[in-house]
Amino acid sequence: MVDSLEAVELREPRRLGEQLAALLGAEIVSGRIASGQQFPSAEEIVNRFRVSRTVARETVQTLAVLGLVRLQHGKRTEVLPEEEWNILSSVVQEALRRAGKADAFLGDLYEFRLLIEPKSAALMAENATSERLAELQGLVDEIELAAAEGHSAAVLEMDREFHNLVSRASGNRVLAAASRDIREVLGTLWRLSELSPAEQREVARQHRLIADAIASSEPEAAAAAMYDHLEWASRSDLQRLGAADIRQR
């Protein structure tokens, strides 16, 4: 269910325009303002949220840049269809969360990760330098320590660093860039997440398996270990949101 927008207080330190863009974006992604319909004018936004005209214009500009609305000089601002949205932006991610649609997107996200990250692991197993391998082992050590101490936030942060390193060390710049963007999206979705102690230990175990396969220069084993980890992570994250599992491979 979409949050009651009138009841939501806009807070710093985030820019008011960004916060308001997420709130109004939730009305778009939820379908309350459908594709092709007229979007509220700056004057309507000022009256509804009691913000300045500058903030109202900034909000509409943000939504336009992200593909949620189309600005037309001298004409009404029109809501755009889903295929135009920049779904990897933090504002759209926040809108999806507020609209209760983050679970469906997360399933799509993991399907994409399953396509590219096992390949990154295989390429790192083939190409990694000794310095990269030492860095990877060090990250696994940190994950294991954080899990042993029950620090869920640290485990999630080190998890992101681990996957970023694997993608960078693959030697494929497109894979690295795509993986980096996915990490940023996950950071938004995981903002309120917390792993149980058992989940933290399992994350540590799985990352150790991936790192060991990479260090042994076994591309197929590295890819398989990464795939297994991502399948487990998808089930864990989607169940946390009460969503269905991703489609079977």
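Me: What do the buried residues of α6 pack against?
Reply: In this predicted model, they pack against α5 (102–127), α7 (152–169) and α9 (197–215). Contact means heavy atoms within 4.5 Å, and buried means under 20% relative accessible area, with exposed over 50% and partly exposed in between (1.4 Å probe, protein chains only). Helices are DSSP runs (H or I, at least four residues), numbered from the N terminus.

Me: Which residues of α6 are buried?
Reply: Leu136, Leu139, Val140, Ile143, Ala146 and Ala147. They cover an arc of only 125° around the axis, which puts them on the same side of α6; the arc is that of the directions from the helix axis to the C-beta atoms.

Me: And what is on the face turned away from the buried side of α6?
Reply: That face carries the exposed residues Ser130, Glu131, Ala134 and Ala148.

Me: Switching topic. At what angle do α5 and α7 pack?
Reply: About 65°, with their axes 7 Å apart. Axes are lines fitted to C-alpha atoms, for helices over the stretch in contact, and angles run from 0 to 180 degrees between N-to-C directions.

Me: Which residues make that contact?
Reply: From α5, Arg113, Glu117, Ser120, Ala121, Met124 and Asn127; from α7, His163, Leu165, Val166, Ser167 and Ala169.

Me: What comes just after α6?
Reply: Gly150, with a positive phi of about 75°.

Me: What are the ground rules for the numbers?
Reply: Residues are numbered from 1 along each chain as its sequence is written, and side-chain values use heavy atoms, with hydrogens and water left out. Local features need pLDDT of at least 70 and side-chain atom pairs count only at pLDDT 80 or more, while totals for chains, interfaces and linings use all residues.

Note on methods. Helix = DSSP H or I, 4+ residues; strand = E, 2+ residues; numbered from the N terminus.
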